Amino acid sequence: MQLISNTDSSNPEDLTKNTAEQFIGNHLKMIRQFLASSDQVLIASPFLYRDFGPLFKDLTLSGLKDLTLVTTCRPWKDDQLVKPYSIRSFVDSLRSCSSIRWPVIHIDQKLHGKVYLFKKNGKYTDGIVTSANLTGKGLDGNHEWGVLINDPEILTRLEAQIIAGVDYVSIREDGLKMLCDTVDIFNRANKQTTKPPEIDIDIGLDNILNHYCTPSEGNHNIVLRKGAQYFIKVSGVTGRPILPIDRRPFDQPHAELSFAKQPKNLRLGDCLLEVAVGEMCFLSYYACASAVRERTDQERRQDADCARWPFYIYANNLSLAYGKIWFDQPLYYDQVISDFKTAFPNIDITPSGKEDFKGAIQLGHSYIRVTDEFGKFVRERLDKAGP
């Protein structure tokens, strides 16, 4: 174990006299060196540079494949007015010196620790656990201390604990844009261009995360936007059924959901309950996170699926835990409908008074509106079925 310090001690050896530790340089120098020699990196820090130029300046990170950032984005003083744009600076600076198009960005609203982990060829080589935030003062200004750890087992366990504490996973570019737009709207409304107000404020970043970003496996506190509607989303075709025997997970944080006809009634924040053609069971459920888009003529010519389902949306997966294991204990929608009718005999499955949606699936509909009561019932079943 080695000690990393930002202090200006002229005799650093005195700090480690009669110990097995060694004294090495400051945080900024060490982290830049590790960035240049690693192919995977995880950084956890609640506070960030406003401008990431000093961290990435003159670096050529051609070997860097993945960089994961875990940070906060909560209504805390003036941090909420700069954090979205700090994250944007992180992305832009990283793009300028690497081939990474979009890094992995997780949000942990209770994060307080500062950890820097580095991998090479799939194995952890180095990790720093420290008091130093990912800021100019933290890495190269304040008196901060950290320890350098080289034990791969400890670093792997540390990574697992960091990821387990995450509230929202893999923030997309459009999600970050919404967060930045929220700051812009607040600043324009308050004519705020320089120093933030010296009062407690909450500009609504929590609402953006809740409504338009993907919750972690353990985060079941998501509330859909007010007035959100529920839809069945049909996936698969008779010739290519989705079957439990294939053990195909539906646990990607973000999904691209396609439709045969334009889903004109679908709005941001609406909930889509995905069901499988073939096995007639639920796969996962999502919140609509984009406007409806349409495939280009070229895409339709080159891909038969694009021609068959020319409309699509981006959606955030709200059931990562269930989507990972749905095939172990499939929830067949016939049984779920039966259970719902037993519990709520006077409530229909669809707003038009239908007792099920199988007929609509057989007619080739790729999405079907269901009642709010049935939609909430399904959500609760899927959440309880997860590990």
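Which residues are buried in α13? Keep that in mind as you look around this predicted model. The protein chain holds 13 helices and 17 strands, and its C-alpha trace spans about 80 × 50 × 45 Å along the principal axes.

**The chain as a whole**
- Of the 387 residues in the protein chain, 51% count as buried.
- The chain exposes about 19300 Å², with carbon and sulfur atoms supplying 49% of that area.
- Taking contacts between residues at least 6 apart in sequence, 74% join residues at least 24 apart.
- There are 47 positive and 49 negative charges, and their mean positions are 4 Å apart.

**Helix α13**
- Here is the reply to the opening question: Phe374, Gly375, Phe377, Val378, Arg379 and Leu382 are buried in α13.
- This helix covers residues 372–385, and its 14 residues reach 20 Å from the first C-alpha to the last, close to the 20 Å expected at 1.5 Å a residue.
- The buried residues of α13 pack against several elements, including the strands β11 (230–235), β13 (271–276) and β14 (282–288) and the helix α11 (333–343).

**The nonpolar cores**
- The largest nonpolar core has 51 residues, of which Leu35, Leu55, Phe56, Leu67, Leu134 and Leu139 touch the most other members.
- Helix α3 (residues 79–97) gives the most to this core, with six residues.
- Leaving aside neighbours within four places in sequence, Phe56 is in contact with Arg32, Leu35, Leu61, Phe90, Ser93, Leu94 and Cys97.
- Another core, of 48 residues, lies apart from the largest one, and among its members are Ala255, Leu283, Tyr285 and Tyr286.

Methods
Residues are numbered from 1 along each chain as its sequence is written. This is a predicted model: local features need pLDDT of at least 70, side-chain atom pairs count only at pLDDT 80 or more; totals for chains, interfaces and linings use all residues. Side-chain values use heavy atoms; hydrogens and water are left out. Helices (H or I, at least four residues) and strands (E, at least two) are DSSP runs, numbered from the N terminus. Buried means under 20% relative accessible area, exposed over 50%, partly exposed in between (1.4 Å probe, protein chains only). Contact means heavy atoms within 4.5 Å. Accessible areas come from the Shrake-Rupley method with a 1.4 Å probe; for residues, only the protein chains shown count as cover. Lys and Arg count as positive and Asp and Glu as negative; His and the chain ends are not counted. The place of a charge is taken as NZ of Lys, CZ of Arg, CG of Asp or CD of Glu. The expected span of a helix is 1.5 Å times one less than its number of residues. A nonpolar core is a set of buried Ala, Val, Leu, Ile, Met, Phe, Trp, Tyr and Cys residues joined through side-chain atoms within 4.5 Å.
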